[in-house]
Amino acid sequence: MSLPRFTIAAVMLSLLAGCAETPFRLAMLEDTSEAEEAEDADAGDDRIPRLNSSADGDLIETLLADYFRSLESDAVPVQTAMAPENAVPEPVQRLSGKGIRVIPVGPPKTHKNGLWHYVRERLELARWNHESVETELAGLRDRPARVRGLAKRAEPFLHYLVGEVERRGLPLDLVLVPMVESACDPSALSAKTAAGLWQLIPATGQRFGVEMAADYDGRYDIHASTGAALSYLKHLHSRFQGDWLLALAAYNAGEGAVQHAIASNRAAGRGTDFWSLPLPPETRGYVPKILALSRILAGPDRYGLKLEPVPGTPALARVEIEPGIRPADVGSAAGLPEPVFKLLNPALKSIHDAPQRKYGLMLPLKNAQAMAASLEGAELVSAKTVVVKKGETLAVIAKRVGVSETALAGWNGLTPSSRLKPGQELLVYPV
């Protein structure tokens, strides 16, 4: 994609952002005409507005996925910013690199045949056959552009999500959950106050460690919400005795609803598998959507679908920022167009106010690396992999590599009491 085309797209969304006043529920695999209005946003909220038309959805794909695609061949313009013509830019404060730390996220490895090929060979839920799955398959088969659009939206996050799912020992089918939940829009907000890539409600987010404050909502933070959502799914999998269909149903309807349905059926002498339960219609459709998507992505050729290849290399970086630095200035120093910067960091209430506490941003890896190279004092770090030896515990390994047991567990989606297997790989970040 050429740079001028991207500039036009950025201008279009900037104009949209200036006009939109009300957030909308993002239509996912359903028709966009069924989108419902959510509560009004606070007047001071300058996150990217929630969009609901198919044209806006295409625009998000152009802004985010196409920007990442452009980085595969284009040089990153450092210390520049794209803005609408005649717009008066916010003054950019002079930055030093002191207090800025760039950490690539996702496994430090590549997949030579591309990510979709890697995912395709490891999907575990594609085997399910049921009339509800067949119905969803028929709908998706008739609308291949919709599947391609969802796959394209997932591209910027795919390597990161694959890594986060794998290091928790979870099935790769879970990378499809954000495709169904939010169509991979990190700024999505539902009428029921579910927010972000994983559509976490406030109670669930806070239960699994997501911070929510006046100037920050961690449910919109790609990194924080992914950790919370995967911890929740892992908990649900254990709660429902290893049944992923029940775990996914509970993710959508809530643990209580699924437990009540199981108890009701058991008392009546009926089956307690997912297909037998009297669950809400939304949930009865939600699980088959994921299963149908898994089936299609496991064998796209059988459904006449050709997916754009996605490089199997890291694409995102987590940037740790010390207090007093404006997020907008970091985005500008990284050469990142403001609309893209907002789409990647919608957790921030404002990108033009300097948080008075340490915070994190998500940036394209190439932009973050270019920024680190251009700012004196900025630190570029990367994780290393350690292999678990027979008999080793987290405490032993933490002592061996010189980090805290809590930090080592957190980096790898584990708890201090988690059991390790010989040959298991753990990520260790500099401290």
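Predicted model: local features only at pLDDT ≥ 70, side-chain atom pairs only at ≥ 80, totals over all residues.

Q: At what angle do H4 and H11 pack, and is H4 oblique or parallel to H11?
A: Take H4 as residues 131-141 and H11 as residues 281-298, with their axes 8 Å apart. The angle between them is about 60 degrees.

Q: Which residues of H4 make the contact with H11?
A: H4 passes H11 in a right-handed crossing. On the H11 side, the contact is made by Gly285, Pro288, Lys289, Leu291, Ala292, Leu293, Arg295 and Ile296. On the H4 side, the residues are Ser132, Val133, Glu134, Glu136, Leu137 and Leu140.

Q: How many residues in the contact of H4 with H11 are charged?
A: Sorted by class, this contact has eight nonpolar and two polar residues.

Q: How far apart are the axes of H8 and H9?
A: Here we have residues 222-239 packing on residues 244-253 at about 130 degrees. Only angles over 145 would count as roughly antiparallel, so H8 is oblique to H9. The crossing is right-handed, and the axes are 8 Å apart.

Q: How many charged residues does the contact of H8 with H9 have?
A: H8 brings Ala229, Tyr232, Leu233, Leu236 and His237. They meet Trp244, Ala247, Leu248, Ala250 and Tyr251 in H9. By class that is nine nonpolar and one polar, and as for charged residues, no charged.

Q: Which residues of H8 does H5 meet?
A: H5 covers residues 144-166 and packs on H8 at about 35 degrees, with the axes 11 Å apart. H5 also passes H8 in a right-handed crossing. From H5 come Phe157, Tyr160, Leu161, Glu164 and Val165, and they meet Ile222, His223, Thr226 and Leu230.

Q: What is the volume of the largest cavity?
A: Counting cavities of 30 Å³ or more, the structure holds three. The largest of them has a volume of about 60 Å³.

Q: Which strand gives the most to the lining of the largest cavity?
A: The lining includes Tyr216, Tyr220, Asp221, Ile222 and Arg318, along with Gly360, Leu361 and Met362. By class it has eight nonpolar, two polar and two charged residues. The top contributor gives three residues and spans 359-364: strand S5.

Conventions. Residues numbered from 1 in each chain as written. Heavy atoms only, no water. Axes fitted to C-alpha atoms, helices over the stretch in contact; angles between N-to-C directions. Helix = DSSP H or I, 4+ residues; strand = E, 2+ residues; numbered from the N terminus. Left-handed = near helix turned anticlockwise from the far one by under 90°. Contact = heavy atoms within 4.5 Å. Nonpolar A, V, L, I, M, F, W, Y, C, P; charged D, E, K, R; others polar. Parallel < 35°, antiparallel > 145°, perpendicular 65-115°, else oblique. 1 Å grid on protein atoms, 1.4 Å probe; cavity = no way out; pocket = protein on both sides within 12 Å on 5 of 7 lines; lining within 4 Å. Points joined across faces, edges and corners; volume = space filled by probe spheres on them.
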